[in-house]
Amino acid sequence: MNDSSIQAANAAAERIVRHFQAQGFTGITEALLIQIHLKTGERAEVEAAFEASHELDQAPPVQKYFEIHPYGHYATFRSFDEALAEIKTDFTTCLLNDLPRVYFEDAAVLIDDPLASGTKYDAMIKLQNNVDGYAVAILMNDPDASFLDYMDTRKGSDWKKIMGDFEIASTNLSKDLDFL
């Protein structure tokens, strides 16, 4: 990824954090933008495999079905490299279990982990439909509250209206970083 792509992705991540902070959610301190690529399988097969692993209380088969690439980051408390070093613990099983939903469903999709704490991601958001075979999602961190608190304050609101100014340019993104 070239420097201008990195800067644009990081700027988008910062705009997302600043948006939620401006809406009164000052605890939202981090956004990590990721690309989700389907490696193999059809929707029914992937969803069945994830459901089976959940029922057996096993880790979801992320590596078998998906490639995940980070490409933009903003945090007030840690660097991109620090976030990647902790991704295996901070990207919670609750969020990972819903990767098929994020990948296969049309935007907007919001997955919340109300039990996440500390540096663990509280939410995964898909704001636009898939492009060229991949989904773009945002991992959000708010150690102070459940991300559903935000949604509760926006009952009846249209996600596209709320999130419309976050059109994420996702061309020429790096496929070199695979952290799961």
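**Ground rules**

I number residues from 1 along each chain as its sequence is written, and my side-chain values use heavy atoms, with hydrogens and water left out. As the model is predicted, I ask for pLDDT of at least 70 for local features and 80 or more for side-chain atom pairs, while totals for chains, interfaces and linings use all residues.

**Confidence**

I started with pLDDT, the predictor's confidence in each residue, from 0 to 100. The chain averages 83, and 78% of the residues score at least 70. Residues 164–180 fall below 50, yet beyond near neighbours in sequence this stretch has 51 contacts in the model; a contact means heavy atoms within 4.5 Å.

**Helix α1**

I take helices (H or I, at least four residues) and strands (E, at least two) as DSSP runs, numbered from the N terminus.

For accessibility I call a residue buried under 20% relative accessible area, exposed over 50% and partly exposed in between (1.4 Å probe, protein chains only). The buried residues I listed in α1 include A9, A12, A13, I16, V17 and F20. I6 also lies in α1, which runs over residues 3–22, but I6 counts as partly exposed at 33% relative accessibility. I also noted that the C-alpha atoms of I6 and Y71 are separated by 6.9 Å, although these residues are 65 apart along the chain. Just after α1, G24 takes a positive phi of about 100°.

**A glutamine in β1**

Next I looked up Q35, in strand β1 (residues 30–38). Is Q35 buried or exposed? Q35 is buried, because its relative accessible area is 1%. Its side chain has a polar contact of 2.8 Å with the side chain of H37. My rule for a polar contact is a pair of N or O atoms within 3.5 Å; within protein, one must be able to donate a hydrogen and the other to accept it, and residues adjacent in sequence count only if both atoms are side-chain atoms.

**Aromatic rings**

Rings of Phe, Tyr and Trp (its six-membered ring) pair if their centres lie within 6.5 Å; planes under 30 degrees apart count as stacked, over 60 as edge-to-face and the rest as tilted. By this rule I get four aromatic pairs. One of them is F50 with Y65, tilted, at 6.4 Å centre to centre and 50° between the planes. This pair links distant parts of the chain, with F50 in helix α2 (residues 43–55) and Y65 in helix α3 (residues 62–65), 15 residues apart. Both F50 and Y65 are buried. Ring pairs join F50, Y65, F66, Y103 and F104 into a cluster.

**Salt bridges**

How many salt bridges does the structure hold? I find five, with a side-chain nitrogen of Lys or Arg within 4 Å of a carboxyl oxygen of Asp or Glu as the rule.

- E14 pairs with R18, the closest N and O atoms being 3.5 Å apart. They are separated by about one helical turn because they are four residues apart in helix α1.
- E47 pairs with R43 at 2.8 Å between the closest N and O atoms. These two are also four residues apart, in helix α2, so about one helical turn separates them. E47 is partly exposed at 25% relative accessibility, and R43 is partly exposed at 34%.
- D90 pairs with R78, the closest N and O atoms being 2.7 Å apart. D90 sits in helix α5 (residues 87–90) and R78 in the loop between β2 (66–75) and α4 (80–85), twelve residues apart. D90 and R78 are both buried, and E30 joins them in a network of salt bridges.

Most residues other than glycine have a negative phi, and most peptide bonds are trans. I therefore flagged D57, which is exposed at 73% relative accessibility. Its phi is near 55°, and D57 lies in the loop between α2 and α3. Phi of D132 is near 50°, again positive. D132 is in the loop between β4 (123–126) and β5 (134–141) and is exposed at 72% relative accessibility. Lastly, a cis peptide bond with omega about 5° joins A107 and A108, and A108 is in the loop between α7 (99–104) and β3 (109–112).
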